[in-house]
Amino acid sequence: MIMIKLLKYIFCSYFIILIYAMIKGRAGLKDNPTLIEEYIIIVCLFVCLDVLLWIFKKLNEKNRLAHTHEKTK
């Protein structure tokens, strides 16, 4: 599971940056040829997405436990 997340952070972000660079073209990359800021932003967005999904998962488990506890009474 952790390996999949690492691959998502590294390779998926890399391919998104490649697509972004292809869209901008050579003339659009003259001011920022490395695209490191964009890469960091994309990786941070993936981390935020994983944190939000984890929070929603924990909330759903908590709600599910509360409903099963009410049904047993």
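Tutor: Start with Asp 50. Setting aside neighbours within four places in sequence, Asp 50 is in contact with Lys 5, Lys 8 and Tyr 9. This is a predicted model. Asp 50 itself lies in helix α2. Is Asp 50 buried or exposed? Its relative accessible area is 12%. Buried means under 20%, so Asp 50 counts as buried.

Now step back to the chain around Asp 50. The protein chain has 2 helices and 0 strands. The helices are α1 (2-28) and α2 (36-72), with a loop between them. Leu 35 is found in that loop. Look at its backbone: Leu 35 has a positive phi of about 60 degrees, although it is not a glycine. Most residues other than glycine have a negative phi. Leu 35 is also buried, with a relative accessible area of 6%.

How much of the chain is buried? Buried residues make up 14% of the 73 residues. The overall shape comes next. The radius of gyration is 20 Å, whereas a compact globule of 73 residues would have one near 11 Å. The C-alpha atoms fill a box of roughly 70 × 20 × 15 Å along the principal axes.

Finish with the aromatic rings. A search of the whole structure finds 1 aromatic pair. The rings of Tyr 14 and Phe 15 have centres 5.8 Å apart and planes at 65 degrees, so the pair is edge-to-face. Tyr 14 is partly exposed, at a relative accessible area of 44%.

Conventions: Residues numbered from 1 in each chain as written. Predicted model: local features only at pLDDT ≥ 70, side-chain atom pairs only at ≥ 80, totals over all residues. Heavy atoms only, no water. Phe/Tyr/Trp six-rings, centres within 6.5 Å; stacked < 30°, edge-to-face > 60°. Buried < 20%, exposed > 50% of the residue type's maximum accessible area, 1.4 Å probe, protein only. Helix = DSSP H or I, 4+ residues; strand = E, 2+ residues; numbered from the N terminus. Contact = heavy atoms within 4.5 Å. Rg over C-alpha atoms; globule rule 2.2 N^0.38 Å.
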